[in-house]
Amino acid sequence: MTGKTVLVLGARSDIAMAAAHCFAAAGYAVQLAARNAGSLADDVSDITIRYRVPVSLHEVDALAVESHAAFVDALPVLPDVAICAIGYMGDQAENERSVERTVAVLRSNFEGPASLFTILANRFADRGSGTLVGVSSVAGIRGRATNYVYGSAKAGFTAFLSGLRNRLAKQGVHVVTVLPGFVDTRMTAGMDLPAKLTAQPEEVGRAILAAVTKGRDVIYVRSIWRLIMLIIRHIPEAIFKRMKI
Ligand SMILES: NC(=O)c1ccc[n+]([C@@H]2O[C@H](COP(=O)([O-])OP(=O)(O)OC[C@H]3O[C@@H](n4cnc5c(N)ncnc54)[C@H](OP(=O)(O)O)[C@@H]3O)[C@@H](O)[C@H]2O)c1
């Protein structure tokens with residue numbers, strides 16, 4: 001046991017659960033927060049038995065921003081590390097046709113996580129310590145026709161994390177931005193993803209733990225994605241708008 005606690009927001013996600021296992025294996029007590037948190041009862045037993053660390057369950061809805069301060073107040077302890085894996089991609093074609101769908105994607109990936117991190121960041125700053133880990137996406141680096149609704153929400157979250165890091169660097173609070181490329185999870189189920197570019201959730205979990213331990217700021221999980229996004233960022237707009245990517 002490290003005497004430290006990790007809060008995992010969006011804990012029903014494969015990436016979140018993989019991160020919870022990695023932190024528990026490293027001796028962290030675990031707070032799992034999710035919608036329908038009761039559905040994670042088996043995971044609580046599994047993590048407790050495997051790693052002999054305390055695990056608690058908490059209900060959170062990213063869209064219910066008015067409940068977020070009370071949610072943080074109700075945690076058994078203010079965590080040392082908070083990981084936000086909350087996200088919702090939806091279907092781009094449906095998002096394009098529906099303002100409601102677009103707003104749901106923007107709120108789930110940006111407004112909700114930013115609300116939760118605003119409250120946690122201020123509590124961490126008051127204490128003078130803590131690490132916030134935001135799982136954002138390479139999709140936020142440049143808007144593409146095939147997923148710009150989700151991508152633009154992630155772009156907002158990435159910029160928010162960058163600003164938080166800049167604001168809190170001198171107050172003992174560290175902010176990690178995670179930019180996974182493709183990850184083999186429920187979100188990408190049914191997509192035909194190239195194996196070399198696709199990480200497993202456990203790989204992302206290990207990368208998050210390493211980033212927190214080593215004090216990294218922005219990580220890509222698989223380094224090939226840094227190169228891919230460098231190229232995509234530099235394609236001139238006149239050419240980019242004619243491409244189908
Ligand atoms: N898979 C990829 O290729 C990939 C790539 C880059 C970034 N990411 C990001 O990685 C994170 C984890 O995604 P994943 O791949 O593990 O997919 P996932 O299983 O779909 O995880 C997303 C999680 O967000 C939760 N969530 C959505 N809206 C919520 C809300 N209003 N309140 C609380 N929780 C909410 C979902 O809860 P429910 O279980 O209740 O639906 C789900 O557990 C996401 O932020 C995603 O954008 C994924």
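This is a predicted model: local features need pLDDT of at least 70, side-chain atom pairs count only at pLDDT 80 or more; totals for chains, interfaces and linings use all residues.
Before I show you around, one definition: helices (H or I, at least four residues) and strands (E, at least two) are DSSP runs, numbered from the N terminus.

Gly215 and Thr131 are 84 residues apart in sequence, yet their C-alpha atoms are 9.0 Å apart in space.

In what order do the strands of the open sheet stand? There are seven of them, in the order 3-2-1-4-5-6-9, and the pairing is parallel. At the edges you find strand 3 (55–59) and strand 9 (218–219); each has a single partner strand, so one side of each has no neighbour in the sheet.

Strand 2 and strand 3 pair in the parallel sense over five bridges, and Gln31 has Ser56 in strand 3 as its bridge partner. Further along, four bridges connect strand 1 and strand 4, again in the parallel sense. There, Leu7 has Ala82 of strand 4 as its bridge partner. Ala82 also stands opposite Leu132 in strand 5, and strands 4 and 5 run parallel, joined by four bridges. Then come strand 5 and strand 6, which run parallel and are joined by six bridges. One place to look is Gly134, which stands opposite Thr177 in strand 6.

Which residues of strand 4 cover its two faces? Val81 and Ile83 lie on one side, Ala82 and Cys84 on the other, and all are buried. In strand 6, six of its six residues are buried. Val173, Val175 and Thr177 point one way from strand 6, while His174, Val176 and Val178 point the other way.

As background, in soluble globular proteins, nonpolar side chains tend to be buried together. Here, the largest nonpolar core has 35 residues, and those with the most contacts inside it are Phe23, Leu32, Ile83 and Ile208. At least two residues of this core come from each of strand 1 (5–9), helix 1, strand 2 (29–34), helix 2 (41–51), strand 4 (81–84), strand 5 (130–135), strand 6 (173–178) and helix 7 (201–214). Which element gives the most to this core? That is helix 1, with eight residues.

Leaving out residues up to four places away in sequence, Ile83 touches Val6, Leu7, Val8, Leu9, Ala19, Phe23, Val133, Val135 and Ile208. Apart from the core that holds Ile83, there is another core of 25 residues, including Phe71, Leu75, Ile86 and Leu168.

The largest pocket holds about 1400 Å³. It is lined by 49 residues, and the closest to its centre are Gly87, Tyr88, Met89, Tyr150 and Met187. Helix 1 (14–25), helix 4 (92–97), helix 6 (148–168), strand 7 (182–183) and helix 8 (224–234) are the elements that give two or more residues to this lining. The largest share comes from helix 8, with four residues. By class, the lining has 26 nonpolar, 15 polar and eight charged residues.

Let me finish with a few stops in the loops. Asp80 is in the loop between helix 3 (68–73) and strand 4. Is Asp80 buried or partly exposed? With a relative accessible area of 23%, Asp80 is partly exposed. Setting aside neighbours within four places in sequence, the contacts of Asp80 are Gly3, Lys4, Thr5, Phe124, Arg127, Gly130 and Thr131.

My last two residues have a backbone feature to look at. Asn36, in the loop between strand 2 and helix 2, has a positive phi of about 50° although it is not a glycine. Val221, in the loop between strand 9 and helix 8, also has a positive phi, near 70°. Val221 is partly exposed, at a relative accessible area of 23%.

Notes:
Residues are numbered from 1 along each chain as its sequence is written. Side-chain values use heavy atoms; hydrogens and water are left out. On a 1 Å grid over the protein atoms alone, a cavity is a set of points where a 1.4 Å probe fits but cannot get out, and a pocket is an open set with protein on both sides within 12 Å along at least five of seven lines; lining residues have an atom within 4 Å of a point. Grid points are joined across faces, edges and corners, and a volume is the space filled by probe spheres set on the points. Ala, Val, Leu, Ile, Met, Phe, Trp, Tyr, Cys and Pro count as nonpolar, Asp, Glu, Lys and Arg as charged, and the others, Gly among them, as polar. A nonpolar core is a set of buried Ala, Val, Leu, Ile, Met, Phe, Trp, Tyr and Cys residues joined through side-chain atoms within 4.5 Å. Buried means under 20% relative accessible area, exposed over 50%, partly exposed in between (1.4 Å probe, protein chains only). Contact means heavy atoms within 4.5 Å. Two strands pair if DSSP finds at least two bridges between them.
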